[in-house]
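Biologist: Let's go through this one together, question by question. Could you show me the sequence and the structure?

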Amino acid sequence: MLKHCTIPLIAALLWGGAFAEVARADRTELRSGSPFTIDVWDTEDGLPQNSVIAMIQSRDGYLWLGTLNGLARFDGRRFTVFDGGNTPELKSGCIVKLFEDSGTNLWVGTESAGVIRVTPAGSSTLQVGAAGREGRVAGICEDARGVVWLYTADGQLGNYRAGKLEVASVSPNQPSFCRALIAEKDGPVWVGTDWRQRGIQPGTDFRGAELPLALELPGKLDFLVASERGGYWRLAEGRIQRWTTNRIVQDFGAYPWGLQQISAACEDREGNLVVGTLGAGLYWFDAAGAVTHLTTREGLSMNYILSLTVDREGSLWVGTDGGGLNRVKRQAFAVVAAARELTVQSVCEGATNGLWIGINSAGLNFLEGDRLKTYGPAEGLLNLFVRSVFVDRKQQTWVGTFGGLFRWETNQFALAPGAAALSPRVTAIFEDRAGRLWVGTQAGLACREADAWRIFTTRDGLAADDVRALAEDAQGNLWIGTSAGLNRWRDGRFTAGPQNAELTRVEITSLFVDAAGDLWVGSAGSGLARLRQGRWTRYTTADGLISNSIGYVIEDKLGNLWVGSYAGLMRLALAALNDYAPGATNRLACRVYGRSDGLPTSECTQGSQPTACRTRDGRLWFPTVKGLVSVDPAKLGRNLTPPPVVIESVTVDGRATSASRLRAALPGAVTIQPGEERLEVQFTSLNLAARDRARFKYRLEGYEKVWNEVAGETRTASYPKLSPGRYRFCVTAANEDGVWNDIGSTLAVVVLPPFWRTWWFLGLSGLALLAAIVGVVNYISTQKYRRELEALRQHEALEKDRARIARDIHDQLGASLTQVALLGEFVESDKDSPAEVEALGRQISQTARDTTHALDEIVWTVNPANDTVDGLITYVCKHAQDYLGVAGLQYRLDVPEKLPGATISPELRHNIFLAAKEAITNVVKHARATSVWVRVRIATTEFILEITDDGCGGADPAGKSTRNGFRNMRKRMEDVGGKFTIGPADAGGTVVRLTAPLENQT
């Protein structure tokens, strides 16, 4: 018996197999007479499988699709597929039910693996609906208290609240085709089967027992749809009814689909019912119950409907059984069926509210109501290449063709009087305020006054003979657009007029003067220009236009400018155009219409005047190369819903920063490690109605000051290398009508520095640098102080040397010279005594020799060339040799063969010499020695001068002079950092040892 519960799904799958080879509709279907445009997506576009069983639009704007081959998420541009390969929690590939609760949790009903509850934090599986195909989940809803209800095909009803699931049975042993479950707004939860409908009050507590019921409605039930406006739609007993709890509010009568099975139903944004069937397509009811039937004849890809939903923009999405996904949009524009696929060149309102339609190569039509009359050779129109049709103030109809200018004469068309003088190729017709008719041809401009024609060409000042457009401004200037620029006719002559330099020699395609008196100039390739109070403003694709090739310009009664181009029909607010200031971060809010809006093509007609038309009722008529379309601007609504904008993925050097999971929320911040460089942020706009017309603005705060504005398919921001720091990525989007999302989406970006740029490294480096600076400064200062101290020492040594030299000169030379002077006086006084004079003379000679010797010592002492060990030892030995030789003592000199080249100070040299001299003098005067041994020994850091004699042991040690001499020698050696010792020699006698340091040894 339970086998019958699976019949709806099995039938759907069977139909999918049976009709998989049916040719699908074009990507965008616009059928003649249909008020809808239908777009189709299938597996060729990324849909995982062509049977769309379940479908919802989540609050974030994504469209979620359940198929036989996994779950798909659609942003209007591309599908992201989730299956067992990338989403382990999807243990069944067949998705049969989708629902989003008020907490934005996604509920995914599978065919055989239960129900998955997906949250941004993760997912969990509920075992309800896990009994295979017989027990799959058939309905999910949420009541007014936030309790989620789940109903299975085998009659199990689940109640999920506060993280706990309770299950009760509803007619478990009675098979039913219908398993309906809805929550009436502010009303009961309704559970329906084939034979009855039962109501449960929200908050009812049950634990496995028979379900407690509050209401019951008998009758054959087929489908239930909860209404957002309260109440619900009840499809039962073969009738379509709207109910409020247990009371009928509205009855639309019997099913228009007969016995076809109902497979899906939903409400549109206005609260109207849409019903899908298995085999009969779908039925769209209006508020009064009138129905529009859509099938493959109207462009659906399949008549077997499995799921329906209406998005926030009002588009109906249709999931078919084998035909993929369809989007159904109500057309904004109406297409004249008689002119479909024909190149319409010119449209003009007739004298009696009819509409003249000029068609290239197909003659002239007159449309009045639903009646269409064609004019051709039989009616006197001898050339069917109609380029211009115009009705003047006298209600005369003029037709410009490639075979001349025609005029309606009573019952038929005829060549206009005098038209033989004109070029046969007529492209523009215009009447000025004075009632003169102007005709633009490919061979000049013609003006008709009093049935006479006057022809103007380049010889009269025109920029070119090929005249394309004509217009008159409020000052009475006639503007002429030619293939080579713009002219102005005033006071009977042509001038170039005030022109924009960028429009010089440009092909002019259209001219229009708006209600404010501004002149609009359309060109072929140079965009749109406006002349206002003598100043030009130019608008191009860089400012937001869809194309720079303009076919025509016209104004509606609502303050909008409509511009036809090769790339689509544009609507721009005149106030926005007037206030627009070109800039890098500023673009026009340009609404573009094309095939998806009901136009048979995006290419508008060019090369005629008049082209577009505004009729007395305010309706606009636009010629295209594939027919004529019309629209009532007052009924053309704007999409005021700001599009959701979502950051979908963030990659660093090609590495995704977050796992690709169902409803996985992207992190609020991304951290870029040292060594990682390229940051890519992928974003999208969830405006399903016009996915290809989204506009985005993004910037990285802290890196960029101005916004980057992009449109179309560009949905990735890339930054090749960022300096360490903190940034904030911001992105926002606008919909097709220029309505921006003021909130947008943001992402914090943290770029970590390499270790040598971290705070601790920089801190330590700073401290090290500071220490180095302090050390260098200290070293430099110390060296400076040392140099100053050395200079002071040198100065002191110099002063001491000078004092010593002065003392020596005074003590030795001064005394000797004084003695010589005294002896000289004695010689003078004793001149009569030759013996005395001779003795004094000898004494004077000896004193002079002693003085010379003393002076030689002084000179040797101050001579810097002698500041070496070699110089010192040599001089000491020479002095010893001279003095000991005069004294008659034997002497021995023991000096190393090679003396060190060390430099010694003058003070050291002087003191050692004097000490050695004193020791030698003592030997001669006091030791009573017969021989003296002078020996020099060199050590690593010092040298030793020993003076050894064989005398009596040091003369009179108690003598005062001797004690003073020893004390002086010791004092001299200590002053220069040396040592003085005296003691007995090994073989008798005395040894004086002078030890001095060696410095600056090389």
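Biologist: How far apart are the end C-alpha atoms of helix 5?

Modeller: In this predicted model, helix 5 covers residues 869–887, 19 residues in total. Helices here are DSSP runs of H or I with at least four residues, strands are runs of E with at least two, and both are numbered from the N terminus. The expected span is 1.5 Å times one less than the number of residues. That gives 27 Å for helix 5, and the end C-alpha atoms agree, since they are 27 Å apart.

Biologist: Is strand 17 largely enclosed or open?

Modeller: Look at both faces: Arg196, Arg198 and Ile200 on one side and Gln197 and Gly199 on the other are all buried. That's five of the five residues, so strand 17 is largely enclosed.

Biologist: Which residue of strand 18 stands opposite Gly199?

Modeller: Two strands pair if DSSP finds at least two bridges between them. Strand 17 has four bridges to strand 16, running antiparallel, and a hairpin of three residues joins those two. Strand 17 also has four bridges to strand 18, again antiparallel. There, the residue opposite Gly199 is Leu215.

Biologist: In strand 61, what is the bridge partner of Ile647?

Modeller: Start with the open antiparallel sheet, whose four strands are in the order 59-58-61-64. Its edges are strands 59 and 64, each pairing on one side only. Strands 58 and 61 pair over seven bridges, and the partner of Ile647 is Phe683.

Biologist: What is the relative accessible area of Val645?

Modeller: Val645 is found in strand 58. Beyond four places in sequence, its contacts (heavy atoms within 4.5 Å) include Thr684, Phe696 and Val731. Val645 counts as buried, with a relative accessible area of 8%.

Biologist: How many residues apart in sequence are Trp233 and Phe252?

Modeller: The whole structure has 39 aromatic pairs. Rings of Phe, Tyr and Trp (its six-membered ring) pair if their centres lie within 6.5 Å; planes under 30 degrees apart are stacked, over 60 edge-to-face, the rest tilted. Trp233 and Phe252 are tilted because their planes are at 50 degrees, with centres 5.5 Å apart. One sits in strand 20 and the other in strand 22, so the pair ties together parts separated in sequence by 19 residues.

Biologist: Which ring does the charged end of Lys697 sit over?

Modeller: A charge sits over a ring if NZ of Lys or CZ of Arg is within 6 Å of the ring centre and within 35 degrees of the ring normal. Arg425 does this with Phe402, at 4.4 Å from the ring centre. For Lys697, at 4.6 Å from the centre, the ring is that of Trp740.

Conventions: Residues are numbered from 1 along each chain as its sequence is written. This is a predicted model: local features need pLDDT of at least 70, side-chain atom pairs count only at pLDDT 80 or more; totals for chains, interfaces and linings use all residues. Side-chain values use heavy atoms; hydrogens and water are left out. Buried means under 20% relative accessible area, exposed over 50%, partly exposed in between (1.4 Å probe, protein chains only).
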